[in-house]
Amino acid sequence: MRLTSKTAYGVQALYDMAFHGGGRPVQAREVSERQRIPLRYLEQILQELRRAGLVEGKRGPGGGYALARRPEEVRLEEVVTALDGPIESLLAFEAPRSRRRKDDGREVVAGMWRELAAQLAGLLAGITLQDLVARAEAMGMARASAVPQMYSI
């Protein structure tokens with residue numbers, strides 16, 4: 001299986017928004033710093049996620065990016081498909097090009113890869129951003145504060 005850095009970073013970014021955002025827009029810079037994702041690359045990924053309807057851009061003071069739906073409604077399958085295309089492409093298999101010989105076994109193997117892709121899609125469809133948030137909470141991870149703290153001397 002081949003998972004691109006774009007998809008890995010996209011999942012990280014959406015998890016970060018779900019965990020730290022608390023429904024408020026989050027600046028790309030904040031996500032970039034917390035998740036150690038290059039800012040320019042993250043901005044490109046967020047634009048793709050916006051076009052796919054997974055995030056919304058908010059302009060003005062207090063703006064940034066926010067999840068377009070609640071974390072329990074966003075499934076990892078959607079994220080992977082939005083950034084990398086069909087799940088079948090992750091398995092990097094080629095379907096038979098010629099059907100002249102039906103006894104060479106290529107269709108048998110190709111069918112197995114399609115079944116595996118369907119199972120993988122099912123697994124990814126069963127995992128939501130809320131599941132990732134729950135894992136972080138179970139690990140005792142601290143959330144970023146919504147308002148930067150000021151210290152006086």
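Modeller: Thr128 is buried, with a relative accessible area of 6%. This is a predicted model, where local features need pLDDT of at least 70 and side-chain atom pairs count only at pLDDT 80 or more, while totals for chains, interfaces and linings use all residues. Residues are numbered from 1 along each chain as its sequence is written, and side-chain values use heavy atoms, leaving out hydrogens and water.

Colleague: Why is Thr128 called buried?

Modeller: Buried means under 20% relative accessible area (1.4 Å probe, protein chains only), and Thr128 has 6%, so Thr128 is buried. Thr128 sits in the loop between helix H6 (106-125) and helix H7 (129-138). Its contacts (heavy atoms within 4.5 Å) include Pro71, Glu72, Val74 and Arg75, not counting residues up to four places away in sequence.

Colleague: What makes H1 roughly perpendicular to H7?

Modeller: Helix H1 (residues 5-21) and H7 pack at an angle of about 70°, with axes 9 Å apart. Angles of 65 to 115 degrees count as roughly perpendicular, so H1 is roughly perpendicular to H7. The contact is made by Val11, Leu14, Tyr15, Ala18 and Phe19 of H1 and Leu129, Leu132, Val133, Ala136 and Glu137 of H7.

Colleague: How do you know that strand S1 and strand S2 pair?

Modeller: Two strands pair if DSSP finds at least two bridges between them. Strands S1 (residues 55-58) and S2 (residues 64-67) are joined by 4 bridges and run antiparallel; by that definition they pair. Lys58 stands opposite Gly64 in S2. The hairpin has 5 residues between the strands, and Gly60 there takes a positive phi near 90°.

Notes
Helix = DSSP H or I, 4+ residues; strand = E, 2+ residues; numbered from the N terminus. Buried < 20%, exposed > 50% of the residue type's maximum accessible area, 1.4 Å probe, protein only. Axes fitted to C-alpha atoms, helices over the stretch in contact; angles between N-to-C directions. Parallel < 35°, antiparallel > 145°, perpendicular 65-115°, else oblique.
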